[in-house]
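Subject: Model for you to look at

Hi,

Here is the structure I promised to pass on. My notes follow below it.

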Amino acid sequence: MPTKHLIFSITPNVETRLAKLQTNECQIIPAPSPVQFPVIKGNKDLALHSVEALNVGYLAFNTEKKPFDNLLVRQALNYATDKQAIVKAVFLDSGTVAKSPLPANMLGYKQDLPDYDYDPQKAKALLKQAGLENGAEVTLWSMPVQRPYNPNSRRIAEMIQSDWGKVGVKAKIVSYEWGEYLAGMRKGEHDSALFGWMSDNGDPDNFAGTLLSC
């Protein structure tokens, strides 16, 4: 039957969105949290449809602040971070490890790009080469909001904090109200910060231009 009325009910909270779906207050919700997938799949009245999303989550290093002005340190902490473990624990294997600013299903994505495997020993060697054999202390900003590319920023930050601690880098997790978080990142107040991007229009330039241009 044709739809006579289409009502958009703006519901920022992911739990409230699912509750509305379960009670038939709404019939479609976007971007449920991965932890909700089993609940949806277990309800015979609901269906979960999935596609590879046009978004990317990332950890931003502030290269104008020490120690992230040193390429060796940035490389070391890439090797120190168990990204596959994050995908498994936070996304429940519903995501993939990103190795490009472009999503894997977007025009221009290069499939054979090299990646940083999880290698704590290599991370320690690079930190020693960078003169940080005694470690370092940094801040790690954690987003105060949920996004499809980051459904649980605090959990991701804690996993990164644990990984970095194993190679001698102490990360203090901090967070701010969303507006303050965005403003602080624009001003370059962060050492490192969790962030991401969702496509506005499906064009590769919407990622490359937004994430890589000045």
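**A buried threonine**

Thr-81 is buried, at a relative accessible area of 8% (buried means under 20%, exposed over 50%, partly exposed in between; 1.4 Å probe, protein chains only). Thr-81 sits in the loop between H3 and helix H4 (83-90). Helices (H or I, at least four residues) and strands (E, at least two) are DSSP runs, numbered from the N terminus. A polar atom of the Thr-81 side chain lies 2.7 Å from the backbone oxygen of Leu-77. That pair falls under polar contacts: N or O atoms within 3.5 Å, where within protein one must be able to donate a hydrogen and the other to accept it, and residues adjacent in sequence count only if both atoms are side-chain atoms. Leaving out residues up to four places away in sequence, Thr-81 touches Ile-86, Tyr-118, Ile-160, Asp-163 and Trp-164 (contact means heavy atoms within 4.5 Å).

**Ground rules**

This is a predicted model: local features need pLDDT of at least 70, side-chain atom pairs count only at pLDDT 80 or more, and totals for chains, interfaces and linings use all residues. Residues are numbered from 1 along each chain as its sequence is written, and side-chain values use heavy atoms, with hydrogens and water left out.

**H4 against H6**

H4 packs on helix H6 (residues 153-165) at an angle of about 150°, with the axes 10 Å apart. Axes are lines fitted to C-alpha atoms, for helices over the stretch in contact, and angles run from 0 to 180 degrees between N-to-C directions. H4 gives Ala-85, Ile-86, Ala-89 and Val-90 to the contact; H6 gives Arg-155, Ile-156, Met-159 and Ile-160. By class, the residues of this contact are seven nonpolar, no polar and one charged. Here Ala, Val, Leu, Ile, Met, Phe, Trp, Tyr, Cys and Pro count as nonpolar, Asp, Glu, Lys and Arg as charged, and the others, Gly among them, as polar.

**H5, two faces**

Which residues of helix H5 (residues 120-129) are buried? They are Ala-123, Leu-126 and Leu-127. They lie on the same side of H5 because they cover an arc of only 100° around the axis, taken from the directions from the helix axis to the C-beta atoms. An α-helix has 3.6 residues a turn, so residues three or four places apart point the same way. The buried residues of H5 pack against helix H3 (71-80) and strand S3 (169-174). Exposed Gln-121, Lys-128 and Gln-129 are on the face turned away from the buried side of H5.

**Loops and backbone**

Just after H5, Gly-131 has a positive phi of about 85°. Asn-134 is in the loop between H5 and strand S2 (136-141). Asn-134 is exposed, at 78% relative accessibility. Its C-alpha is 9.6 Å from that of Val-167, 33 residues apart along the chain.

Most residues other than glycine have a negative phi, and most peptide bonds are trans. Some spots to check against that:

- Asn-24, in the loop between helix H1 (14-22) and helix H2 (37-41), has a positive phi near 65°. Asn-24 is exposed, at 52% relative accessible area.
- Asp-93, in the loop between H4 and H5, also has a positive phi, near 65°. Asp-93 is partly exposed, at 48%.
- The Lys-66 to Pro-67 peptide bond is cis, with omega near 5°. Pro-67 is in the loop between strand S1 (55-61) and H3.

Best wishes
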